[in-house]
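Biologist: I am new to this structure and would like a close look at one part of it, the place where the two chains meet. Please take me through that part in one connected answer.

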Amino acid sequence: MEDIRALVAILAIMVGTFFSLAGVLGMVRLPDVYSRLHATGKVGIYGAVLLLVAAAVWTPLGWGRALLLMALLMVTGPVSAHVISSAAYRIGLPMKNAIRDDLAAAQSQADDN
Amino acid sequence: MVIYLRWIVALALVYLALTSNLEPSNIVVGLLLAGGVVALIRPPRRPTQPRRPLRSVVASARYVLTLGYDMVVSGVQVARIVLSPSLPIRPGIVAIPAETNTDLGIALSAHAVSLTPGELVVEIDDDHMMYTHCLDATHAETYIKDAHDLRIELLNEIFP
């Protein structure tokens, strides 16, 4: 039992660290604020959730606390990503290499009317 | 009164999960704290009551499972894009209809879209159109539509 718990904890830590790293790498490599939010907002949460799994299995944190923290992370993560992207769009930060922009089209149409 | 009791029980459960201590004295403390919070905040009555509690519980469970699966796929997909040397993204903002009318439904479906692979809701207008930033905007509409339809169906079962 102890061995299985250690194995689960180690696997969760390794995968969680991998995703946290991928999130940081995405923050550096992706071109603009909107695509960077994909990397930090979602992949970062994924890494944190897996690290919480490891903590729940291996440390005296307990599943109740871990599950509550995971739920809060998953509820608040997309909300903060949405608010940041919305604010960025409103102050007019451009998208790099965009192939379409329905929102700009809709707004110019609304301005015409 | 019954509605307030429901809030008190839910808040007390959160308190017990956070303290992870099931002794009777701790349960009493949790209930008292939850009662104090509810007395101070006076949460609003819920607008709709589920007509079929069992079906809405099953639909909620399926909804949470779908979201979890989407999160896993989302993480793997974005990690693959970030790690590939050529950085294969074709970003763009795509308009998707939310297809629900209540505020809660729109908030939940925007939340779900933001959790799914390579999509992020930037703006919602008065016509319930969700303007979504996609990492790959070429086939986004058909792709999102499929996932979106399933979630709308589940949401309609949870909040009839």
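Which side chains of chain A and chain B meet in a salt bridge?

Modeller: A word of caution comes before the answer: this is a predicted model. The salt bridge is formed by the side chains of Arg90(A) and Glu123(B), with 2.6 Å from N to O. The count of salt bridges between chain A and chain B is one.

On the side of chain A that touches chain B, the elements giving two or more residues are α1 (2-29), α2 (33-58), α3 (63-90), β1 (100-101) and α4 (102-112) of chain A. Of these, α3(A) gives the most, with 13 residues. Sorted by class, this side of chain A has 25 nonpolar, eight polar and eight charged residues.

As for extent, 41 residues of chain A and 40 residues of chain B take part in the contact. The two chains bury about 3400 Å² between them, and carbon and sulfur atoms give 69% of that area. Within chain A, the residues that lose the most area to chain B are Arg29(A), His38(A) and Lys42(A), which together make up 19% of what that side buries.

The two chains are also joined strand to strand. β1(A) runs parallel to strand β1 of chain B, residues 92-97, and two bridges join them. In this pairing Arg100(A) stands opposite Gly92(B) of β1(B).

One of the residues of β3(B), Met130(B), is the bridge partner of Ile124(B). The hairpin of β2(B) and β3(B) has four residues between the strands, and His128(B) takes a positive phi near 60° there. Strand β3 of chain B, residues 129-134, is largely enclosed by the rest of the structure, because five of its six residues are buried.

Key. Residues numbered from 1 in each chain as written. Chains lettered and ligands numbered in written order. Predicted model: local features only at pLDDT ≥ 70, side-chain atom pairs only at ≥ 80, totals over all residues. Heavy atoms only, no water. Contact = heavy atoms within 4.5 Å. Buried area = accessible area lost by both parts, 1.4 Å probe. Salt bridge = Lys/Arg side-chain N within 4 Å of Asp/Glu carboxyl O. Nonpolar A, V, L, I, M, F, W, Y, C, P; charged D, E, K, R; others polar. Pairing = 2+ DSSP bridges. Buried < 20%, exposed > 50% of the residue type's maximum accessible area, 1.4 Å probe, protein only.
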